[in-house]
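Colleague: I am new to this one. Could you show it to me and take a few questions?

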Amino acid sequence: LTTLTDEALLALDTLAGRAAGLVNPSVRLGVTGLSRAGKTVFISSLVHNLLNGGRLPLFEAVRSGRVSKIRLEPQPDDAVPRFQYEDHIRALVADRVWPESTRAISQLRITLDYESASGWGRLFSPGRLSIDIVDYPGEWLLDLPLLSQDFRAFSETTVALARSGIRAELARDWLALSATVDPAADAQEATARSLSEAFTAYLRACKADERSLSTLPPGRFLMPGDLEGSPALTFAPLPGLPEGRLEKGSLAAMMERRYEAYKTHVVRPFFREHFARLDRQIVLIDALQAINRGPEAVRDLERALGDVLACFRSGTNGFLSSLVTRRIDRVVIAATKADHLHHESHPRLEAVTRRLVERAIERIGLSGAGIEVMALASVRATREATVKHDGHDLPVIVGTPMAGETIDGETFDGERKTAIFPGDLPEDPDSLFEDPESDSRHTLNFVRFRPPHIEETGGGLKLSVPHIRLDRALQYLIGDRLA
Ligand code: GDP
């Protein structure tokens with residue numbers, strides 16, 4: 001678990017944070033979600049809308065005109081990469097391509113000058129709040145449970161899971177290779193490397209599988225960053241570990257040491273330097289993709305969401321409770337890419353998301369306090385229309401499919417617009433979690449659209465990126481800090 005030094009450092013850090021907060025109040029907003037959930041697009045659009053006077057009617061401080069100035073500022077953490085806002089927004093707005101996705105942690109500070117709504121607060125006006133947006137892969141969160149597992153427990157859990165269900169066939173090569181090595185034999189670098197490669201291939205296969213299995217730790221095996229090839233990433237869980245202490249110099253002991261190094265050099269610093277310092281959190285999920293892939297994918301998303309939520313909220317099963325950050329008091333779970341549906345279906349998308357969250361928190365025995373659920377689109381790539389079909393009005397969405405998208409046998413070039421009927425979500429969200437009889441499975445028409453064309457009006461005035469309900473998320477996440 002966290003060592004005493006971790007606790008001491010955290011306490012010191014909190015004190016330093018409080019002192020700095022008196023001079024320049026700030027709130028650290030974590031943005032996470034599994035790969036491709038929409039983190040990069042979310043942050044880019046949110047910041048663009050704030051900087052360019054976007055439509056944010058539900059964000060009270062801006063709507064009521066209490067915010068006088070919004071600007072980007074250098075972030076306080078010199079050792080963390082900056083979120084490349086300018087590059088991402090150029091891609092989105094000027095080139096109309098989706099920006100490069102999140103691969104590691106990054107950060108951006110945006111500062112708002114505002115006038116307090118209360119008479120008491122106005123005494124100190126003008127108020128100033130810095131929002132430090134911290135973008136990090138959701139996969140990294142799934143590593144936190146490793147802090148409470150030793151190498152033996154990690155090996156047992158991972159091997160048992162790999163032998164069960166549909167994972168068994170994906171793990172065959174790695175397990176077969178593991179069966180040929182003796183954990184008690186002398187440690188050989190070549191053996192460690194081939195085991196680690198086979199294990200990584202298994203993790204990658206799980207991720208690529210279209211049944212959409214949720215990601216398994218260690219998260220950095222699939223997103224190594226600058227640690228690629230280092231010993232801390234060259235290990236694998238071992239089946240059949242000998243009882244008792246692992247013999248010095250043996251393969252098992254070498255793997256154990258590297259597993260501990262992974263925790264020391266990767267997981268613990270992430271926990272201490274980033275995760276434990278967050279105040280607010282938004283978790284983005286691609287519920288539409290899971291719905292389209294079927295009930296197994298929906299249940300798997302529910303499992304992954306449960307694992308993620310366990311990091312924010314202590315539950316009754318308690319294995320993570322000593323790690324759970326005590327700071328994060330508000331969490332938003334948002335289904336992204338709602339612009340793929342007509343707005344008539346948005347309440348149903350929200351209902352599905354709420355059901356996902358309820359089931360996830362039920363399963364791990366959490367409390368749902370301080371968790372808000374919504375459906376949003378960071379960037380609205382479509383507009384809505386109605387077409388007549390067999391004498392009925394059919395709600396459709398209109399957008400520019402990405403080059404190469406094929407709809408009804410027709411391949412698009414990335415320039416031409418088209419209208420599609422996206423389909424309906426079921427009235428009863430529970431039906432999406434159950435395996436349906438025969439072919440009544442729910443599918444949506446899911447087309448990848450290009451980012452929208454954004455008009456530049458004359459006089460250097462830029463229009464902001466269109467979105468759906470970004471302002472509602474913003475209000476819940478930081479509205480109270482601008483009261
Ligand atoms: P990340 O891995 O979480 O950083 O994911 P990205 O932000 O890069 O998003 C992944 C992909 O999802 C993008 O390339 C887009 O194709 C799509 N996407 C994300 N947000 C939206 C959205 O609001 N609307 C639409 N139509 N597509 C989106």
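Predicted model: local features only at pLDDT ≥ 70, side-chain atom pairs only at ≥ 80, totals over all residues.

Colleague: How many residues of strand β5 are buried?

Modeller: Strands are DSSP runs of E, at least two residues, numbered from the N terminus, and buried means under 20% relative accessible area with a 1.4 Å probe, protein chains only. In a regular strand the side chains alternate between the two faces of the sheet. On one side of β5, Arg280, Ile282 and Leu284 are buried, and so are Gln281, Val283 and Ile285 on the other. For residues 280-285, the buried count is 6 of 6.

Colleague: Which residue of β6 is the bridge partner of Ile285?

Modeller: Two strands pair if DSSP finds at least two bridges between them. β5 and β6 (residues 330-335) run parallel, with 6 bridges. The β6 partner of Ile285 is Ala335.

Colleague: How much of the ligand's accessible area does the protein cover?

Modeller: Let's start with contacts, pairs of N or O atoms within 3.5 Å. A ligand oxygen lies 3.0 Å from a backbone N or O atom of Gly38, and a ligand nitrogen is 3.0 Å from a polar backbone atom of Val379. Of the 570 Å² that the ligand has on its own (Shrake-Rupley method, 1.4 Å probe), the protein covers 96%.

How values were computed. Residues numbered from 1 in each chain as written. Heavy atoms only, no water. Buried < 20%, exposed > 50% of the residue type's maximum accessible area, 1.4 Å probe, protein only. Helix = DSSP H or I, 4+ residues; strand = E, 2+ residues; numbered from the N terminus. Polar contact = N/O pair within 3.5 Å; in protein donor to acceptor, adjacent residues only side chain to side chain.
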